[in-house]
Structure formats: structure tokens, C-alpha cells
Amino acid sequence: MKKMFAMLLALAMCMMSVCAFAEDSDMAYVKGKGKLVVGITDFEPMDYKDADGDWVGFDADLAKTFAEYLGVEVEFVEIDWDSKVLELNSKNIDCVWNGMTLTDEVKSAMSCSNAYLNNAQVVVVPKDVADKYQTVESLAGLTFAVEAGSAGEAAVTGLGLTATPVASQADALMEVAAGTSDAAVIDALMAAAMVGDETSYASLTYTVGLTTEEYGVGFRLGSDLTEALNAFFVANYETLQEAAQAYGVQAALIEQK
């Protein structure tokens, strides 16, 4: 009887261990619900809507392909960038995949993938005053629109300049175009796609580079999806190259190996 009890106890503990592993596994959680929920903002050329209202972009296309690789559907959810860690930990989303700069703060709060794109933070101003703002020193006294919680906000406040947080980088550009802010600081890849001749903001241009940085994807701390994505990047590097070419970011692509 005691032997039987011991065997049953051991079996129960084993089952509890398996269940605990399943609960702790993001891979099992995502596959169990059949969907990878991706936190994004409107950020061309990373994540933005096409004429049909579908999410496209370098990051969006890769997220779709990664979901197929996992055997699940993909769902894109627009988030408040300043609340990205809260959204992730509360399981409203499963990852942050939106041209996210790998800062020390981000890496301490999330399990981050290997870097896949190079980037910089650049100053955007109206073209007609651009010649006045070609150095960091010349920026003193300007008011800057920046995305709340972004690398751009960190760059501006780090220099002791005046920052006005807004909901997104797209909103920051709107503030400058409307004349309600003197300048914005946004990602260089976004500036290349949205600022200058034959873009949505032909009257604006970008001048000073404030930082250099790298993009990564963020999962919950301890997530087993991180290594799965790193393996996906290596096995599908040709796909990354094709997407980079399609969205004009090929010069920023970091080799995966």
C-alpha cells in the first residue's frame, strides 16, 4: 500500500511538473491559443496599414512569416508605446515587434531577440530652417515632439532639451508639420520613409543624428519564443533580405548567423 501511494505521489508530482512547464512556456501558450499577438504602433516602414487597411511593413511581414513558422495565426494590436512592458506582462500581447531599440531598460524588462536592424535617432525640422540646425549645439531652445517612452525621448531628455511626449512617432511628425513643435526626434528608418521630397511630409527634412542603435523583438522575461525567433532569423535570413529590399531598409540589415 505504501509503495502504491509513493508511486501515485511520484506520478502526481511529475504531472504537476509537466503542467508547470506548460504554463511557463510561451511557446505552448501561443500554440495552445493558436495565435501570436504582436504589439505595434503605426510606424512606416516597420508597421503600417496599406490601402486595404491591412498591416504591412518590414516588421509586420516578418511577424506574419514567424507566426506561420510556429503554425499559428498572427494578430496585430496597436499599443501605447510607453505601456509596452505592461501590455506584454499582462498577456494582452505576446511580443513587441515594432522597430524597438534595444536599450538597457528594454533588455532588463523583456527577453529580447538578437538585433536585426541598425538605426539612429535623428532630428526632423521644417526644410526652410534646416540650415540653422546642423549641430547638437544649435538645438538649444527648441521644443521637441517625441514618442512617449521611446529612444527619441531618451535622447532629447538626455541632452537637457525640452521634450513634449506624444502617442507615436507619426504624431511627433504631425506636431512639427502643424507648427506646434519646433522639431521632432524619430527613428532614422522612419524619417527616410516619411520625410522629404515625394513623401507624406515633403516640407520637412532631417538633420542631426543624436544616437546610433539596434532593433530587436521583445518577449516576456524567460520566454522560450526568444530562441525560437533567433533560430527563425538564421534559418530564414534570405527572407529577411527580401523583406529589407522590399521596404528599402537593406542597408540597415544585420547579418544573422
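Student: By class, how many nonpolar, polar and charged residues does the lining of the largest pocket have?
Tutor: In this predicted model, the lining of the largest pocket has 10 polar, 9 nonpolar and 6 charged residues.

Student: What volume does the largest pocket have?
Tutor: The volume of the largest pocket is about 370 Å³. Of its 25 lining residues, W81, K84, V106, G149 and S150 are the closest to the centre.

Student: Which elements give two or more residues to that lining?
Tutor: They are helix 4 (84–89), strand 5, helix 5 (104–109) and helix 6 (151–158). Strand 5 supplies the largest share, with 4 residues.

Student: With which strand does strand 5 pair, and in what sense?
Tutor: Strand 5 (residues 95–101) pairs with strand 11 (residues 204–219) in the antiparallel sense, over 3 bridges.

Student: What about strand 7: parallel or antiparallel to strand 11?
Tutor: Strand 7 (residues 117–126) and strand 11 run antiparallel, with 9 bridges between them. V125, for instance, has T205 in strand 11 as its bridge partner.

Student: Changing topic, how many aromatic pairs does the structure hold?
Tutor: There are 11 aromatic pairs in the structure. In one of them, the ring centres of Y116 and F233 are 5.5 Å apart and the planes stand at 45 degrees.

Student: Why is that pair of Y116 and F233 called tilted?
Tutor: Planes under 30 degrees apart count as stacked and those over 60 as edge-to-face, with the rest tilted. The planes of Y116 and F233 are at 45 degrees, so this pair is tilted.

Student: Where do Y116 and F233 lie in the chain?
Tutor: Y116 is in the loop between strand 6 and strand 7, whereas F233 belongs to helix 9 (residues 225–235). The two are 117 residues apart, and their pair links distant parts of the chain.

Student: Are Y116 and F233 buried or exposed?
Tutor: Both Y116 and F233 are buried. They also belong to one aromatic cluster, together with F43, F58, F66, Y69, W97, Y215 and F232.

Student: Which charged end sits over the ring of Y29?
Tutor: That is K91, whose charged end is 4.1 Å from the centre of the Y29 ring. K91 lies in the loop between helix 4 and strand 5. Its phi is near 65 degrees, a positive value in a residue other than glycine.

Student: What is phi of E198?
Tutor: Phi of E198 is near 60 degrees, again a positive value in a residue other than glycine. E198 is placed in the loop between helix 8 (188–194) and strand 11, and it counts as exposed at 83% relative accessibility.

Student: One last point: which peptide bond is cis?
Tutor: The bond from E44 to P45 is cis, with omega near 10 degrees. P45 lies in the loop between strand 1 (35–40) and strand 2 (48–49). For context, most peptide bonds are trans.

Notes. Residues numbered from 1 in each chain as written. Predicted model: local features only at pLDDT ≥ 70, side-chain atom pairs only at ≥ 80, totals over all residues. Heavy atoms only, no water. Pairing = 2+ DSSP bridges. Phe/Tyr/Trp six-rings, centres within 6.5 Å; stacked < 30°, edge-to-face > 60°. Buried < 20%, exposed > 50% of the residue type's maximum accessible area, 1.4 Å probe, protein only. Lys NZ or Arg CZ within 6 Å of the ring centre and 35° of its normal. 1 Å grid on protein atoms, 1.4 Å probe; cavity = no way out; pocket = protein on both sides within 12 Å on 5 of 7 lines; lining within 4 Å. Points joined across faces, edges and corners; volume = space filled by probe spheres on them. Nonpolar A, V, L, I, M, F, W, Y, C, P; charged D, E, K, R; others polar.
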